[in-house]
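Please read these notes with the sequence and the model open beside you. Each point takes up one topic.

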Amino acid sequence: MALKQISVFLENKSGRLAEVSSIISNSGINLRAISIADTADFGILRMILDKPDEAAKLLEDNGFTARKTLVLGVEVHDHPGGLAGVMRLFEENNVNIEYLYSSLQNATEKAVIIFKVEDVQHGIEILEKFNVNRVSQF
Amino acid sequence: MIWNEKNECMSQPEREAKQLESLVRLAETLYTKVEFYRNKFDELGIKPADIQSLKDISKLPFTTKNDLRETYPYGLLATDETNIVEIHQSSGTTGTPVVDAYTQKDIDIWSEAMARSLTMSGVGKNDVIQNAYGYGLFTGGIGVHHGAAAIGANIIPISGGNTERQLKVMKDFGTTILTCTPSYSLYIAEFAADHGISMKDMKLRAGVFGAEPWTEEMRKEMEATLALNAFDIYGLTEITGPGVANECECKDGLHINEDLFYPEIINPDTGEVLPDGEKGELVFTTLTKEGTPILRYRTRDITYLTRGKCACGRTTVKMHRLMGRTDDMLIIRGVNVFPTQIEEILVQMEETQPHYQILVDRGQTHLDEVEVWVEVKDEFFFDETKKMEGLHNRIGHEMKSRLGINAKIKLVEPKSIERSTGKAKRVIDKRKL
């Protein structure tokens, strides 16, 4: 299974990010990973949450544009070269990465990296084939 | 100096007699030679013979920009096509352009009007005129050129742009007169300042600035930064081009060459003619044109008229500098744009909503800057920045290729642009005109 990521379109206006955060926290939804892609005049906020469907609905009800995207949560050993191994695997098996960011998970020896790949199904197959652990739920 | 003392300084009764004579001749020509006008006369039940006094002009039909478009290209021609010696078109970009076709006499009249205008700005035959209005179909460049040629001044037909070269030419050839849009003049001043070029070392004496509305504040800035006397010039392709009116040294209104272009101020809602001093829509009739004479053209520009002998000696009626428009047309760096044209582009793109806001301002460069805020449709929000940026660039490209304006596009969240129940406020113009 892939992870459901929630993306929110943010125009370059002060206070919008704070608003999203408070909507999420007020509803008791847990934020597990967060990243923002910014351009000169807009931003795309990407989040992994414990209740993605609920969060998306909540954001939409509050006037935000939210989009669900399937991404991969990959466990990477938290030592030098951990990420490089996964990257090499993807590279050798034609899994095209569009972007990635790391999760907020801590207190384990493993980090979870969130990958958005071109073809999620193909990504899953490769990870399974090479026995790389995936996180399918937070 | 006055270019044509006889015509510019004659008494009011004398001028009115001339105007009436021209108007009667014009009405006859239009009725016999232009089907478009003949139909309009017939609809109103008017014959040219009904024009007995100048006041009777109010019985005649108006001409709108739309009429000019619908008769493109030669529907309003009042002479044989073989008599045409020059063609110009409006800078408007709404699909069908507006045509002005000139006979040799029309070119002479235009040259005369421009020579009068330049003379009002203090230009004489010993001057060196750097003409930085665009040359081409646009009337700005060629119009000034015709007038300068009539005066016998030295004219440098440099056209707009390439500011570095403008300044080099200005210095090397001892330019005394600069003609361009007011915003470009300020850009030249700033460019010079940034490159350590002192405008005080130039020989510039006067500038004739038009094709865009401007303000007293801009005059102060232009005069200070360019070290010259700034004069306002008015004109429009539909009537002939630049030279319809110009400021004299008193700088308190633009003298209209009213023996050639007859002005009226009307109530834009009722069409009723308003008395001098009252603000309304400016309407022009080309009294002496042969190629494409126009009856009561509705300019959509708002101003008022004042009569009486001016301290400069001229008796021609003066119009106050432009005070606005009766429609929502924007003039962006000399290009005419209607908000509806922007809307059309957005409606045609499936990713965007027809909800938008236009912000116009003169930024640091003093040039007009347009920002268009566009709402993205909910279903076209992509998680990937490259797709979003692609959309962003595509909108900008459409604006450039179809409207000729460089707009800064800002994608905003769906439903974030205020919805109004009445007339939506689409344009925020911060240019303080």
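1. Terms for the elements. Helices (H or I, at least four residues) and strands (E, at least two) are DSSP runs, numbered from the N terminus. By that count, K251(B) lies in the loop between β8 (241–247) and β9 (254–256) of chain B. K251(B) is not a glycine, yet its phi is positive, about 50°.

2. Basis of the values. This is a predicted model, in which local features need pLDDT of at least 70 and side-chain atom pairs count only at pLDDT 80 or more, while totals for chains, interfaces and linings use all residues. Residues are numbered from 1 along each chain as its sequence is written, chains are lettered from A and ligands numbered from 1 in the order in which they are written, and side-chain values use heavy atoms, with hydrogens and water left out.

3. Chain B, overall form. Chain B contains eleven helices and 20 strands. Its radius of gyration (taken over C-alpha atoms) is 23 Å, close to the 22 Å that the globule rule gives for 433 residues, so chain B is as compact as a globular protein of that length. The globule rule is 2.2 Å times the number of residues to the power 0.38. Taken along the principal axes, the box filled by the C-alpha atoms of chain B is roughly 75 × 60 × 40 Å.

4. Chain B, inside and surface. Of its 433 residues, 57% count as buried; buried means under 20% relative accessible area, exposed over 50%, and partly exposed in between (1.4 Å probe, protein chains only). A contact means heavy atoms within 4.5 Å. Among the contacts in chain B with a separation of 6 or more, 65% come from residues 24 or more positions apart. Chain B exposes about 18,300 Å², and carbon and sulfur atoms supply 50% of that area. Accessible areas come from the Shrake-Rupley method with a 1.4 Å probe; for residues, only the protein chains shown count as cover.

5. Chain A, overall form. Chain A has four helices and seven strands. Read from the N terminus, the order of its elements is β-α-β-β-α-β-α-β-β-α-β. The C-alpha trace of chain A spans about 40 × 30 × 25 Å along its principal axes.

6. Chain A, inside and surface. In chain A, 45% of the 138 residues count as buried. Of the contacts between residues at least 6 apart in sequence, 70% join residues at least 24 apart. The accessible surface of chain A is about 7,100 Å², with 47% belonging to carbon and sulfur atoms.

7. Y99(A) lies in strand β5 (residues 97–102) of chain A. Is Y99(A) buried or exposed? Y99(A) is buried, with a relative accessible area of 13%. Leaving out residues up to four places away in sequence, Y99(A) touches Q5(A), R46(A), I114(A), F115(A), K116(A) and D383(B). V71(A) is 28 residues from Y99(A) in sequence, and their C-alpha atoms are 9.8 Å apart.

8. The two sides of one helix. Helix α10 (residues 339–348) of chain B has P339(B), Q341(B), I342(B), I345(B) and L346(B) buried. These residues cover an arc of only 165° around the axis, which puts them on the same side of α10(B); the arc is that of the directions from the helix axis to the C-beta atoms. V347(B) and Q348(B), on the other side of α10(B), are exposed. The cover over the buried residues of α10(B) includes β16 (335–337), β17 (352–362), β18 (368–376), α11 (385–403) and β20 (427–429) of chain B.

9. Backbone points to check by eye. Most residues other than glycine have a negative phi, and most peptide bonds are trans. The peptide bond from Y72(B) to P73(B) is cis, with omega near 0°. P73(B) is in the loop between α4 (65–70) and β1 (84–89) of chain B. A211(B), not a glycine, has a positive phi of about 75°. A211(B) sits in the loop between β6 (206–209) and α9 (216–226) of chain B, and is partly exposed, at 37% relative accessible area.

10. An exposed helix residue. K171(B) is part of helix α7 (residues 163–172) of chain B. K171(B) counts as exposed, at 54% relative accessibility. K171(B) and M199(B) are 28 residues apart along the chain, with 9.3 Å between their C-alpha atoms.
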